[in-house]
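Subject: Structure for you to look through

Dear colleague,

I am handing over the structure we spoke about, and my notes follow below it. Please keep it open while you read, so that each residue can be looked up as it is mentioned.

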Amino acid sequence: MSESGRGPVLRHARAAGRHPLALAAKIVASVVSVAVVSSLGIAAIAVADISHNVQTNAQVHLVQQKDVGQTAPPVTKTIEPEATALAGEFNVLLVGTDTRTGQGGQFDSKAELRASSGAGNNDVTMLLHVNAAHTAATVVSFPRDLVIPIPSCPSPKGGWYSAMSAQMLNTSLTYGGLTCPVLTIEKLIGIDDINYAAEISFDGVAAMSDAVGGVPVCLATPINDPYVGLNLPAGTSTIQGQQALQFLRSRHGVEDGSDLARISNQQNFLSSLLRTITSAGTLGNPIKLYQLAAAATQNMTLSDTMGDAKTMVGMAVALKSIPLSQITFVQYPVLTDPTNPNRVVPDTYGAPILAKAIQNDQPVVLSATTGRGTELAPSSTPSAPAGAATAPPATGTATAPPGDVTLSKNATGQTADQQTCTKGVTGHPGE
């Protein structure tokens, strides 16, 4: 694969039933914050109910690399949130599980349950890094077929699993529960402070899109993916519920049918969802905000470090002033695995640049085009605020302000204020 990201098309098994989106923590935290801080008429009900959801949902105790072999102190929880920012930089790992267990509906057949049950695979893994100044956020998407070392992980049944030198990333959730993807990404990026994590299922994706009344997505060309039952025309469509889930799961209907094209398609959806949430129609509607917050907390498994409304509100206060132009979605830089054309491995040039930026708490600037599954909409001409990086054009490089890191051309993506359009399949029909 070249530095531009174009290379042999990645081919995998049938994609039906895969790939719910692990929605960014900004979404969950910001709607809770607005319900508490801005919508006074509904705040008491919203906080009590949402806090109840967070308290009663199953919670997972995370283990970080720095804490392996040590006993962590108990986490103190509180029901009453305080509208103060979470101090300093923070990292949140967001995992989308493909489990069919408990999902009902189209996922309740024997065939679907055979495909994935129990913990499921983490077919979507995203790392949200918010800098200490609370002026920029980076959301890194890791391909499900990324072959990397998986460290020793605690077994949910007690004891520890052995480390593995080379396994697909999406096996880590099944291998050791939510804490295992945390340990795996910590090792990959070279950090030891992913202190927050959340897991979302199929039902959660549908509920979130319903809560905002649908998410508008742009298509450069039609998408027809019989594997997930999706058929959308070129232009803008507003999708929600099961159709939104189909859009996010689609691989065979997007550009070259690869998992990498699917990542940029998800970035298209997620950036549009963020724009929808921050629009006046959502921020000015306390009922919609409450429904969105409730949909998130009712359908998520959280780490115990996120197990109270105070923490979520603290994240929201830290995030709420970050402009959309400074929220950057990045695909982790990869190359085709030389031993298996259906897998990918870290790009030894581009991946360390991204990792160092996160280690050093530096905002990032894209220098490349969008991912292979999308293109910039003709009308997408975002303006960066004073002192911020200039948004990258469709081609060429961006100018990074002092202290920011310009990523390699293999680190594709977009900022949240950029409207992109998904490209339908180009000569590689579903297998």
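**An exposed isoleucine**

Ile 287 is exposed, its relative accessible area being 54%, and since the cut-off for that word is over 50%, the residue is counted as exposed and not as partly exposed. Please bear in mind here, as in everything below, that this is a predicted model. Ile 287 belongs to helix H10, which covers residues 286-298. Between Ile 287 and Ala 211 there are 76 residues in sequence, while their C-alpha atoms are 9.3 Å apart in space.

**The sheet and strand S7**

Eight strands form an open sheet with mixed pairing, and their order is S1-S12-S7-S2-S3-S4-S13-S19. Strand S1 (59-60) and strand S19 (413-415) are at the edges, where each has a single partner strand, so one side of each is left without a neighbour in the sheet.

Within this order I looked at strand S7, residues 196-200, which is mostly covered, with five of its five residues buried. In a regular strand, side chains alternate between the two faces of the sheet. In S7 both faces are covered, with Tyr 196, Ala 198 and Ile 200 buried on one side and Ala 197 and Glu 199 buried on the other.

Which strands does S7 pair with, and in which direction do they run? Strand S2 (residues 90-97) is joined to S7 by five bridges, and these two strands run parallel. Val 92 stands opposite Tyr 196 of S7, and Val 95 has Glu 199 as its bridge partner in S7. Strand S12 (residues 300-303) is joined to S7 by three bridges, and here the two run antiparallel; the partner of Ile 200 in S12 is Met 300.

In soluble globular proteins, nonpolar side chains tend to be buried together. The largest nonpolar core in this model has 49 residues, of which Phe 90, Val 92, Phe 247, Phe 269 and Met 315 touch the most other members. Helix H8 (residues 259-277) supplies the largest share of this core, namely six residues. There is also a second, separate core of 33 residues, and Leu 93, Ile 185, Ala 357 and Val 405 are included in it.

**Helices H7 and H8**

Helix H7 (residues 241-249) packs with H8 at an angle of about 145 degrees, and the two axes are 8 Å apart. From H7, Ala 244, Phe 247, Leu 248 and Arg 249 take part in the contact, and they meet Arg 262, Asn 265, Gln 266, Asn 268 and Phe 269 of H8. The residues of this contact divide into four nonpolar, three polar and two charged.

**Salt bridges**

How many salt bridges does the structure hold? There are four, and I describe some of them here. Asp 256 pairs with Arg 372, with the closest N and O atoms 2.7 Å apart. Asp 256 lies in the loop between H7 and H8, whereas Arg 372 lies in the loop between strand S16 (364-365) and strand S17 (374-376), so this pair ties together parts that are 116 residues apart in sequence. Both Asp 256 and Arg 372 are buried.

Another salt bridge joins the side chains of Asp 259 and Arg 262, at 2.7 Å from N to O. These two are three residues apart in helix H8, which means that about one helical turn separates them. Asp 259 and Arg 262 are both buried.

The side chains of Arg 144 and Asp 145 also meet in a salt bridge, at 2.6 Å from N to O, and both residues are buried. Together with Asp 123, Arg 144 and Asp 145 are linked in a network of salt bridges.

With best wishes

Terms used: Residues numbered from 1 in each chain as written. Predicted model: local features only at pLDDT ≥ 70, side-chain atom pairs only at ≥ 80, totals over all residues. Heavy atoms only, no water. Buried < 20%, exposed > 50% of the residue type's maximum accessible area, 1.4 Å probe, protein only. Helix = DSSP H or I, 4+ residues; strand = E, 2+ residues; numbered from the N terminus. Pairing = 2+ DSSP bridges. Core = buried A, V, L, I, M, F, W, Y, C linked by side-chain atoms within 4.5 Å. Axes fitted to C-alpha atoms, helices over the stretch in contact; angles between N-to-C directions. Contact = heavy atoms within 4.5 Å. Nonpolar A, V, L, I, M, F, W, Y, C, P; charged D, E, K, R; others polar.
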